[in-house]
Amino acid sequence: MPAENVSPSSPWHAGELQLQRQAGVVDQMDPVGRKVLRAFLLDQHREFYELLPFIVIGSVDRDGMPWATIRSGPPGFLHSPDPLTLNIDAASDPDDPAEAGLNDGDAIGLVGVDLLTRRRNRLNGTVVRKGADHFSVSVGQSFGNCPRYIQNRQFNFVRDPAEPRLSEVLVSDRLDADARRIIEAADTFFVASYVNRTSEERQVDVSHRGGRPGFVRIDADGGLTVPDFNGNLFFNTLGNFVINPRAGLLFVDHETGDMLQMTGRVQVILDSPEIAAFDGAERLWRVQPEKVVLRKDALPLRWGLLEGGVSPSSLMTGEWSKAESRLRVAEKARTWRRFRVERAILESSTIRSLHLVPVDGEAVIPHLAGQHLPIRIQDDTSTLRRSYTISSAPSDGVYRLSVKREGRASTLLHAMQEGDEIEALAPVGSFTIDAMERSRPAVLLAAGIGITPLLSMLHHLVHTGDRTRYRRPVWLFRSSRTFKERAFDREIGELVARSEGTLRDIRVLGTPEAADDGLFDAAGRIDMALLKAHLPFGDYDFYLCGPASFMQSMYDGLRRLNVADDRIHAEAFGPSGLKRDHAAPSSPPPLNPPALAPTPVAFTRSGRDALWKPGDGSLLELAEQSGLSPPYGCRAGNCGECRTRIVSGRVRYASEPSYPVAGDEALICCSVPAQTDENLQLDL
């Protein structure tokens, strides 16, 4: 690769910088790189390597293709006589395709992994060949690595690693049945990559990857697709791929010692529906193998998975079967699906939770924390349509609706038992939170049943912190009229404990009793004085949910404290939603006035035609009068559930909706035909 592909002013090369820039962490990672990337071995790293029974090596053959391999020996076969050198007492292996890149003066990469402690350290450097049975590495760069996605395993030797062994070697340009078996069972593999930092300097890297068994997918064309999970944000491997799209992969059968090695071309995928569908994936990469080498019983080592040894980080990642199911159901997002009540739990004297799972056995469409679920339930005389906030975490794989009994529909939901069924559309709503926001903490303000979207946000914030090791600071202020009406105490307490001090819970009771002593932090209501008493001076994002009067009071109070309008986020249902004083319009003001004469409206998908007349109401009402049942939630332009594509023509809103809508879409719950020469056609 040409020298201009690297940045001399940065500790990272151009490929690493490109991905750090895409992730929004360039400024954050610059000082990190200058601190942790060293040109020598720390004493603790020197001691660490001497404890290992194996080392993973990345090398480059004469054709410029990278390979990953393993050298093993009793602990002590790796030793560092000085901070600039690592000695490796291991014999050459003529059957190993990586051996061609282990000659004197060759650039190589190494990663040492202790499967018992999950410690991992990497280095790259230059081979100093001292003989056929040992060589040294002159250190070029050394750094520690995070322990995530490493499975705990106990090792043992089945033979002396110094004894020569003739392995059965199978070479191909594609994956055979044995290769597929090893990949499909793998929860771990290693990957080698490299760049030429200058015309004279090559930097080779080898890294560990882990996940649930089968996290590497074998595609129909014989390529491999790998989800890339959150890591240390160095992007050494993928950054190399950006500049030099070549990879060497190594899979090991821990029970037989078989080593599956391959080399091929790589594609880094930064935008794909599969990324969102696969839990924990932040990007994907594909390898198309060009040469595959399977060496039977090549390793003298065997490993056994320890009880409870699966990495907690791996358990927070997904599976391809679930991702594929999510992609299938996403195609039916605007279709009613049947859900079964799996569990029904009384949360307080007024709130009951229903855990819903799809009857069809497919995955749920993942929701964003804070969104709501449009549902359809049947009573004795009619079908009721409502929207309820999802109180479960996006990572739970089920929808939980936590409902306060206060009307006809909620009374029906409170009467439902396990096994009963309802219908639902895909989750919708723009009241969501960014768990990775780094510039401002979040303040969540909930009154009564308004806790439900904020509870989903709390789960998402804490889960994201567990997964990424970045925890956005958050304050939760929650109020209820009485202690008996307050729900989710244990659940929120567990989240506080998991948050490592980044989540504060301030409990407010409107009318506490003598027996409630110690069960609340403030009496009365949430107001500006309470916020000032608990919040340090600073800039925050505020999230409000509760009765309309509560949200308006909170909003007005925050604005009087000069909190910017765009820092105040609120859930709103119905025409009585939050009245903002400085809200920026979510879309340009319409150019056409509302139609003043009867206007034909065509619903193209259903093949129905209707005639809208001034005074008839919204386009949603017109569609319902035409026998259609479009989804809707708030009927006020707040939730986005009625969003419909405009095939031709234009619409006009009585007032600008709070939900952001694209120019080729309409919120039909609050719009009417606009005055134009073009007929209005809607995709319904």
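Tutor: R283 forms a salt bridge with D228, and their closest N and O atoms are 2.8 Å apart. A salt bridge here is a side-chain nitrogen of Lys or Arg within 4 Å of a carboxyl oxygen of Asp or Glu. R283 belongs to strand β16 (residues 281-295) and D228 to strand β13 (residues 224-229), so the pair ties together parts that are 55 residues apart in sequence. Strands are DSSP runs of E with at least two residues, numbered from the N terminus. Both R283 and D228 are buried; buried means under 20% relative accessible area, exposed over 50%, and partly exposed in between, with a 1.4 Å probe and protein chains only.

This is a predicted model, in which local features need pLDDT of at least 70 and side-chain atom pairs count only at pLDDT 80 or more, while totals for chains, interfaces and linings use all residues. Residues are numbered from 1 along each chain as its sequence is written, and side-chain values use heavy atoms, with hydrogens and water left out.

Next is the salt bridge of E421 with R338, whose closest N and O atoms are 2.7 Å apart. E421 lies in strand β23 (residues 421-424) and R338 in strand β18 (residues 337-346), so this pair ties together parts that are 83 residues apart in sequence. E421 is partly exposed, at 34% relative accessible area, and R338 is partly exposed at 39%.

R507 forms a salt bridge with D521, with 3.0 Å between the closest N and O atoms. R507 counts as buried at 19% relative accessibility, whereas D521 is partly exposed at 39%.

Technical notes
Helix = DSSP H or I, 4+ residues; strand = E, 2+ residues; numbered from the N terminus.
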